[in-house]
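User: I have a model open and want to talk through its ligand sites and its fold. Can you take my questions as they come?

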Amino acid sequence: MTDDVLLVHGGTPLEGEIRVRGAKNLVPKAMVAALLGHEPSRLRNVPDIRDVKVVRGLLQLHGVTVRPGEEHGELILDPSHVESANVADIDAHAGSSRIPILFCGPLLHRLGHAFIPGLGGCHIGDRPVDFHLDVLRQFGAVVDKNAEGLYLTAPQRLRGTKIRLPYPSVGATEQVLLTAVLAEGVTELTNAAIEPEIVDLICVLQKMGAIIAMGTDRTIVITGVDRLGGYNHRALPDRLESASWACAALATHGNIYVHGARQLEMMTFLNTFRKVGGAFEVDDEGIRFWHPGGELNAIALETDVHPGFQTDWQQPLVVALTQATGLSIVHETVYESRLGFTSALNQMGAHIQLYRECLGGTPCRFGRRNFQHSAVVSGPSKLHGGELIIPDLRGGFSYLIAALAAQGTSTVHGIDLINRGYENFMEKLRALGASVELPKAAASAV
Ligand SMILES: CC(=O)N[C@H]1[C@@H](OP(=O)(O)OP(=O)(O)OC[C@H]2O[C@@H](n3ccc(=O)[nH]c3=O)[C@H](O)[C@@H]2O)O[C@H](CO)[C@@H](O)[C@@H]1O
Ligand SMILES: C=C(OP(=O)(O)O)C(=O)O
């Protein structure tokens, strides 16, 4: 389809200022949390991305009125009519994102049953939902699976429980939070994920009336309450998008000021960025990222759960590492198949070799299994334009970075996927001086 293709003329440093708004990995979950309340909620700093539109549609189908507030990027979510909603069209939402799995707890509390259509999200591994279903069963839910999706019932009020996650999964931790807040009694969750977006979701729930204590050792204790109200919350900024622009500045020898980027949630990324040789400066409104000239340094990197190096930062950084001098090692420990995007980079002139072994210092869940989850990046490489097909969200943005860093023109197919998590990325690219154009047929159709 021509209107999903972008021509990128590379070789020009990205320079200028852009703004990031609320985090893709928080905003849709805060929207789901509104379902738990008996009063309207107000969410601010909401980005215009497809994952928000998908959840908005799903909430509306479930009887939540969602309308813009007075501020730009503000949503008012009113859950007064959930009990009378007609969800006959829910199948149309199958495959749209991963967020529907988080509707389980709120719907079970409100209605006593829930239907969850097939999930979407990036194809970067198998992405099972076994932890989610196990914890829901521990709360007392009954789960039936069929080809269309999941059907859950709560024969009685869900009850608090002791849960230990096999791995600190972000989604499963959110599942526990969104279920435990209205369950009867206390829930103790150990080996919880503690990503900044989870902490922000806890802030949302506390504003609604929940009682949630965070320990220092991945333990979260939730004391169930009988009723929750609404919230008024400004979503934390998107640290993943901010890091993507930082990598774009580094790979293109550019200089980008990211309004809204915040140091606190990016500390691990900033340390790595500095080790590679990138420069940055933090002020009250955002962070400036730039290539200071000279050579970039090869590094050894392992992705991990927070406070480790976030897996969603990995793909854009790998593009920058193709420009570093020497051998970089990247060990992806969160998803088993998140390095496949590198084969297209090799076709553009990069030298990236994948391995099944755990090449970092720590053996991970994927060692001794048949997954190419480690990479050796040898640089610096002169990249040239290529024909690129976007495989997933971060891989897609990484291809844009590579195309912008390369000499010559690249044709990037499937750019619409990037709208899932990057607000107005075309406008932002143009504001930074990128030379990008839609092919003629598509441009004349607009
Ligand atoms: C919408 C959203 O917030 N997406 C983020 C979320 O995804 P998501 O919440 O899906 O990621 P998880 O933290 O749950 O997944 C981490 C690992 O746990 C495994 N797992 C997870 C659940 C389960 O039931 N069984 C299981 O085996 C996964 O296959 C993966 O290997 O956290 C990831 C890790 O920070 C990020 O990359 C995603 O951007
Ligand atoms: C993996 C990602 O998202 P999702 O979980 O929505 O697929 C991502 O944001 O990079």
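User: Which residues surround ligand 2?

Analyst: Ligand 2 is surrounded by Lys24, Ser97, Arg98, Gly121, Cys122, Ile124, Asp312, Leu393, Arg394 and Gly421. A residue is near a molecule if its C-beta atom, placed from the backbone, lies within 6 Å of it. This is a predicted model: local features need pLDDT of at least 70, side-chain atom pairs count only at pLDDT 80 or more, and totals for chains, interfaces and linings use all residues. Residues are numbered from 1 along each chain as its sequence is written, while chains are lettered from A and ligands numbered from 1 in the order in which they are written.

User: How does that shell split by class?

Analyst: The shell around ligand 2 has 4 charged, 3 polar and 3 nonpolar residues. Ala, Val, Leu, Ile, Met, Phe, Trp, Tyr, Cys and Pro count as nonpolar; Asp, Glu, Lys and Arg count as charged; the others, Gly among them, count as polar.

User: Which domains supply the shell around ligand 2?

Analyst: Domain 1 (2–20 + 237–445) and domain 2 (27–234) each give at least three residues. The domain bounds come from an automatic or database domain assignment.

User: Now ligand 1. Which residues come nearest?

Analyst: Asn25, Phe131, Ser169, Val170 and Gly171, out of 22 residues around ligand 1. The elements that give two or more residues to this shell are α4 (130–139), α5 (170–180) and α9 (311–321). Helices (H or I, at least four residues) and strands (E, at least two) are DSSP runs, numbered from the N terminus.

User: And the classes and domains for the shell around ligand 1?

Analyst: The residues divide into 9 nonpolar, 7 polar and 6 charged. Domain 1 and domain 2 each contribute at least three residues to the shell around ligand 1.

User: Back to α5. Why is it described as largely enclosed by the rest of the structure?

Analyst: Because 11 of the 11 residues of α5 are buried. Among them are Val170, Gly171, Glu174 and Gln175. A residue is buried if 20 or more other C-beta atoms lie within 10 Å of its own, exposed if 12 or fewer, and partly exposed in between; C-beta atoms are placed from the backbone.

User: What does UniProt list under "binding site"?

Analyst: The unreviewed entry lists Arg98, Asp312 and Val334. UniProt positions are given in the numbering used here, feature names are shortened, and annotations may be inferred rather than shown by experiment.

User: Where is Asp312, and is it buried or exposed?

Analyst: Asp312 is in helix α9. Asp312 is buried, with 24 other C-beta atoms within 10 Å. Leaving aside its neighbours within four places in sequence, Asp312 is in contact with Leu240 and Arg394. Contact here means that the C-beta atoms of two residues, placed from the backbone, lie within 7 Å.

User: Where is Val334 found?

Analyst: Val334 is in the loop between β19 (324–331) and α10 (342–347). Val334 is buried, with 25 other C-beta atoms within 10 Å. Setting aside neighbours within four places in sequence, Val334 is in contact with Thr303, Asp304, Val305 and Thr311.

User: Which residue does the "active site" annotation cover?

Analyst: Cys122, again from an unreviewed UniProt entry. Cys122 lies in the loop between β6 (113–117) and α4. Why does Cys122 count as buried? Because 21 other C-beta atoms are within 10 Å. Cys122 touches Asp392 and Leu393, not counting residues up to four places away in sequence.

User: Switching topic. What about Leu404?

Analyst: Leu404 is in helix α11 (residues 393–405). Leu404 is buried, with 27 other C-beta atoms within 10 Å. Beyond its neighbours within four places in sequence, its contacts include Val8, Leu14, Ala248 and Ala434. The C-alpha atoms of Leu404 and Ser435 are separated by 8.1 Å, and these residues are 31 residues apart along the chain.

User: How many Å separate the centres of domain 1 and domain 2?

Analyst: 30 Å, taken over C-alpha atoms. The contact takes 17 residues from domain 1 and 15 residues from domain 2. On the domain 1 side there are 8 charged, 5 polar and 4 nonpolar residues.

User: Last one. How many helices and strands does the protein chain have?

Analyst: 13 helices and 24 strands. Buried residues make up 51% of the 446 residues. The C-alpha trace spans about 65 × 50 × 45 Å along its principal axes.
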